Amino acid sequence: MRSFRLALIAMAVNAAFAASARADNLVALYDAARAIDPTYQSAKALYEANLSKSEQAKAGILPTANFLAGTARTSFDNTNPEFGNDFNANNASIQASQPLYRPANWAAYEQGKRLVDIATAQLTLAEQDLVLRVTQAYFDVLAASDSLTFVRAQKVAVAEQLASAKRNFEVGTSTVTDSREAQARYDLVVAQEIAAENDLRVKKLALDQLVGRPNTQPNPLVSQAALPQLNPSDLPGMVSTAEVTHPGVQQAVVNLDVARLETQKAKAGHKPTLDLTASHTQAFNPQGSIAGLLHTHTRNTTVGLTLTLPLFSGFATQNRIKETLSLEDKAQADLDATRLVVAQATRAAFYGVVSGVGQVKALEAAEASSQSALDANRMGYQVGVRINIDVLNSQSQLFQTKRDLAKARYDVLVGSLKLRQANGTLTPQDLQSVNSLIAP
């Protein structure tokens, strides 16, 4: 029975560990961050606020209605004792108005609809930013973990070399210089290990805070993960796409439309307005009024048109038009500048990925060469044609190359997402392609 309970406990622990491990892939951590990240939640709240704000713009073209009610008591002094001197007056009315011709209101309504497009573009930018922040934090942890692993492996190798140098010195086959060089290198590696441990701790804390989970354990890349390959002929198409589909460009285009509509609103200051108005009023005087002693109950219904024609506003309308025309020019210049920035960012991100892939290939070759150089120096040291410092330098070069290679792979994957962000096509679904390269 006891063994059965222990088996159940072991199964539960294993299941919990497996669930935790499954939860620490890139997509799961992004989903966790999306639910709690303050920056993204702020952008989401602003998006919802702008949707409501766009609906408010309809008010200017829809009818309005008001209900008014009032009561009053009037004291009247006179010399006729038969004539009362206190009167109550009660009234209630409903007033309604429907704009028939108000060009400024219609321009404001069109501006409100544009707010939805602006809000969507802003939310898309925030979503893309969150994708990159989670991905960068994820691979920062992996890079720091790899760095610590390689430093510890180098520490073991240097410790073995230090022990070998000490043995050779004791038997008289090497000088004290070999031991001191190995000791100095060992002390340096210990310092590097302390720095690597702290860097990993900081990177993990940053990822934990971003996703709202303690002690996250990102799964590593699969061995020989296939990196994205780019063709130089793809760049013009990416730039063209960026100049149209990038959320920043789309927002600038909408801002230009809003500026043009603002000019229409300003020009409407010279135009007349026409409203349909209606009202119904009831007045009740139970004790009569100053005009007579009999109580009265009156009803009054009015339906009509109200035409307003602006004549002179102190040149405010003319100067407002000049202002909005200048703001149109500014919005057009901002759109042109945004397109230039997006195009340049796309080119820079594209060449960054191409360069990163080239670095990975070069570092893979350098890793093989460094391993061969280390093996040769170890053999030479054993037969006496190489000294201890040669082996130590070869070890340091090999592990540095391994660290650089691991980080270069991560940089290429992050760079591929940055490229999609630069040309405006990055979506959370793009994490699936990167997540497929992560070991389960």
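Student: Where is L276 found?
Tutor: L276 is found in strand β3, residues 273-285. Helices (H or I, at least four residues) and strands (E, at least two) are DSSP runs, numbered from the N terminus.

Student: What kind of model is this?
Tutor: This is a predicted model, where local features need pLDDT of at least 70, side-chain atom pairs count only at pLDDT 80 or more, and totals for chains, interfaces and linings use all residues. Residues are numbered from 1 along each chain as its sequence is written, and side-chain values use heavy atoms, with hydrogens and water left out.

Student: Back to L276. Is it buried or exposed, or in between?
Tutor: L276 counts as partly exposed, because its relative accessibility is 36%. Buried means under 20% relative accessible area, exposed over 50%, and partly exposed in between (1.4 Å probe, protein chains only).

Student: Which residues make the nonpolar surface patch?
Tutor: L100, Y101, L276, V303 and L305 make a patch of about 490 Å². The elements giving two or more residues to the nonpolar patch are β2 (86-101) and β4 (296-308).

Student: What counts as a patch?
Tutor: Patches take residues with over 30% relative accessible area and no salt bridge; like charges are joined within 9 Å, and nonpolar side chains (Val, Leu, Ile, Met, Phe, Trp, Tyr) within 5 Å. A salt bridge is a side-chain nitrogen of Lys or Arg within 4 Å of a carboxyl oxygen of Asp or Glu. Areas come from the Shrake-Rupley method with a 1.4 Å probe; for residues, only the protein chains shown count as cover.

Student: New topic. Which residues of helix α6 are buried?
Tutor: In α6 (residues 235-245), L235, M238, V239 and A242 are buried. They line one face of the helix, because seen down the axis of α6 they fall within an arc of 100°. That arc is of the directions from the helix axis to the C-beta atoms.

Student: Why would residues three or four places apart point the same way?
Tutor: An α-helix has 3.6 residues a turn, so such residues point the same way.

Student: And what is on the other side of α6?
Tutor: P236 and V244 are there, and they are exposed.

Student: What do the buried residues of α6 pack against?
Tutor: They pack against α7 (247-267), α8 (316-383) and α9 (388-422). Contact means heavy atoms within 4.5 Å.

Student: What does T64 touch, leaving aside neighbours within four places in sequence?
Tutor: T64 is in contact with Q95, A96 and S97. T64 sits in strand β1, residues 64-75. The C-alpha atoms of T64 and Q95 are separated by 8.3 Å, though the two are 31 residues apart along the chain.

Student: How many aromatic pairs are there?
Tutor: A search of the whole structure finds five. The pair F139 and Y410 is stacked, because the ring centres are 5.3 Å apart and the planes are at 25°. Rings of Phe, Tyr and Trp (its six-membered ring) pair if their centres lie within 6.5 Å; planes under 30 degrees apart count as stacked, over 60 as edge-to-face and the rest as tilted.

Student: Where do F139 and Y410 sit?
Tutor: F139 is in helix α4 (residues 103-171) and Y410 in helix α9, 271 residues apart. Both are buried. Ring pairs link Y138, F139 and Y410 into a cluster.

Student: What about F350 and Y351?
Tutor: F350 and Y351 form an edge-to-face pair, 5.7 Å centre to centre with 85° between the planes.
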